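Please look over the structure below before reading the points that follow. They are meant for someone who has not worked with it before.

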Amino acid sequence: MTFALSLIGLYLNCMRAKQAEFERRVQAGEASARHAESMRETLRKFESRFGSANVAILSAAEIKIWLAEMDLAIKTRNRHLGYVQNIFNIAKGWGLIPKNPLDGVEPFNDPGKRGRRVSVLTPEQLHRFLNDLRPEFVPFFAICAFAGLRRAEVEQLDWSEIKLERKLIDLPFSKSKNGKRKLIEITDNLFKILKSYARPQGAVLPPKPGLQIIMNEAADKANIIPWPQNVLRHSFCSYSVALKGLTWTALQADHSERMLRDHYWEVVEKDSAAEYWSIRL
């Protein structure tokens, strides 16, 4: 019992350390406030439910039952599940637990999404959108559209991590969703877009005004109303699968080939994909 209680104390310290690290990233502009608040919310809920449990023997089933019993949307449950999995990875790395009980655990299924066609921008729409942006925000949205990184990852990206001379984005593990370093290929059209904006260092995302305001402003000018959720990532995956194939897209987007085949195969035609990957500003 003493060992279990000691482990719990160390584990909770681990969770609080993670929260402290998120606070530091927000202050330094390395992470979005939305991302940090999501982590804080998960930490509060998880500690409230399992703070007195022996986490060394906590099972995936107990965690998923806890989340399933909450009155939450499927997407929100999966977000909490992902953060808890990340917390366990930290505890495992620190030697507090022998293994992560959530390794290999499938997310909650959303029956309403089965067979739903993802929303993408046409090449013409994306070209208009990028042209209608305030110039200082073009690199951020171009990377979202052509590199395959998640928006939260691009929000933390620094120019020093964009290696134009090697046509690579070197995203460190500390900024990656899965906690692993990512080497992302810069395509020819993205290279030409970024070339005129590149700086030795500094945040790719300008500090103010708010990103949502900038996105809505350009979307309105480009007559893309309403702006579909996650449309830049969906567009990247769809056009990439169509022209560059499943394997390349999986490496860039950090997705499995099976998931790409299930959701992005034959969403767009190859001719449209060729137009997409030739977009220049």
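This is a predicted model: local features need pLDDT of at least 70, side-chain atom pairs count only at pLDDT 80 or more; totals for chains, interfaces and linings use all residues.

**Notes on the structure**

1. P98 lies in the loop between α4 (74–93) and α5 (123–132); helices (H or I, at least four residues) and strands (E, at least two) are DSSP runs, numbered from the N terminus. P98 has a relative accessible area of 69% and is therefore exposed; the classes are buried under 20% relative accessible area, exposed over 50%, and partly exposed in between (1.4 Å probe, protein chains only).

2. Residues are numbered from 1 along each chain as its sequence is written, and side-chain values use heavy atoms, with hydrogens and water left out.

3. On confidence, the average pLDDT of the protein is 83, and 82% of the residues score at least 70; pLDDT is the predictor's confidence in each residue, from 0 to 100. Over residues 1–8 pLDDT stays under 50, and for this stretch the model has ten contacts beyond four places in sequence. Contact here means heavy atoms within 4.5 Å.

4. P200 is exposed, because its relative accessible area is 74%. Leaving aside neighbours within four places in sequence, P200 is in contact with W159 and S160. P200 and I162 are 38 residues apart in sequence, and their C-alpha atoms are 8.9 Å apart in space.

5. Strands of a sheet pair through backbone hydrogen bonds, either parallel or antiparallel.

6. The bridges can be followed residue by residue. β1 and β2 pair over two bridges, and I162 has I169 in β2 as its bridge partner. In the hairpin of these strands, with four residues between them, K167 takes a positive phi near 55°. β2 (residues 168–171) pairs with β3 over four bridges; L168 stands opposite E185, and L171 has K182 as its bridge partner. Both faces of β2 are covered, with L168 and D170 buried on one side and I169 and L171 buried on the other.

7. Not counting residues up to four places away in sequence, K182 touches D254 and others, including L149, R150, E153 and S176.

8. The largest nonpolar core has 58 residues; such a core is a set of buried Ala, Val, Leu, Ile, Met, Phe, Trp, Tyr and Cys residues joined through side-chain atoms within 4.5 Å. Helix α6 (residues 138–146) gives the most to this core, with eight residues. Another core, of 17 residues, lies apart from it, and I74, L81, F88 and L102 are among them. Residues with the most contacts inside the largest core include L126, F129, F141 and I162. Leaving out residues up to four places away in sequence, F129 touches F141, M215, A218, A219, A222, I224 and W227.

9. H234 is found in helix α10 (residues 231–244). With a relative accessible area of 19%, H234 is buried. Beyond four places in sequence, H234 is in contact with V118, S119, V120, Q229 and Y264.

10. Finally, the cysteines. A disulfide is a pair of cysteine sulfur atoms within 2.5 Å, and by this rule the count is zero. C144 is buried at a relative accessible area of 6%, and C237 is buried at 0%.

Notes: Two strands pair if DSSP finds at least two bridges between them.
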